[in-house]
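Please consult the sequence and the coordinates alongside the points.

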Amino acid sequence: MHHWIELHIRSKFGAAVTKNRQTRQGLPQGSVLSPILFNIAINDLVPYLINSYPGVQTILLADELVLWYGDQDIHIIQD
């Protein structure tokens with residue numbers, strides 16, 4: 001199967017295909033561990049933001065972090 005995929009890619013892109021290389025650090029692109037490890041690394045950020053900046057609201061979904069703040073007083077928001 002690997003050989004068939006390689007032949008198909010070479011027919012599309014010619015010699016632009018590089019040889020496989022071993023990853024010495026990090027994770028290969030598309031690895032199932034990548035989003036899990038990312039979430040473990042960023043998981044402490046949300047409690048830190050909530051404790052450090054009262055009133056900040058957050059949503060963390062996959063690799064997206066949304067922050068917002070709202071208040072009745074425009075002067076508090078501007079500060």
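1. The model is a predicted one. Its chain exposes about 7400 Å², of which carbon and sulfur atoms supply 58%. Of the 79 residues in the chain, 8% are buried.

2. The chain contains four helices and two strands. Their order along the sequence is α-α-α-β-β-α. Among contacts in the chain with a separation of 6 or more, 5% involve residues 24 or more positions apart.

3. The two strands, E1 (residues 56–61) and E2 (residues 64–69), pair in the antiparallel sense through six bridges. Together E1 and E2 form a hairpin with two residues between them. Leu61 is opposite Glu64 in E2, and Ala62, in the turn, has a positive phi of about 55 degrees.

4. The loop between helix H1 (2–13) and helix H2 (33–42) includes Val32, and Ser31 lies in the loop between H1 and H2 as well. Are these residues buried or exposed? Ser31 has a relative accessibility of 19% and therefore counts as buried, since the cut-off for buried is under 20%. Val32, in contrast, is exposed, with a relative accessible area of 69%.

5. The side chain of Ser31 reaches the backbone nitrogen of Leu33 at 3.2 Å. Leu33 also contributes to a nonpolar surface patch of about 570 Å². Leu27, Val32, Leu33, Ile36, Leu37 and Ile40 make up this patch.

How values were computed:
Residues are numbered from 1 along each chain as its sequence is written. This is a predicted model: local features need pLDDT of at least 70, side-chain atom pairs count only at pLDDT 80 or more; totals for chains, interfaces and linings use all residues. Side-chain values use heavy atoms; hydrogens and water are left out. Patches are made of residues with over 30% relative accessible area and no salt bridge: like charges are joined within 9 Å, nonpolar side chains (Val, Leu, Ile, Met, Phe, Trp, Tyr) within 5 Å. Accessible areas come from the Shrake-Rupley method with a 1.4 Å probe; for residues, only the protein chains shown count as cover. A salt bridge is a side-chain nitrogen of Lys or Arg within 4 Å of a carboxyl oxygen of Asp or Glu. Buried means under 20% relative accessible area, exposed over 50%, partly exposed in between (1.4 Å probe, protein chains only). Two strands pair if DSSP finds at least two bridges between them. A polar contact is a pair of N or O atoms within 3.5 Å; within protein, one must be able to donate a hydrogen and the other to accept it, and residues adjacent in sequence count only if both atoms are side-chain atoms. Contact means heavy atoms within 4.5 Å.
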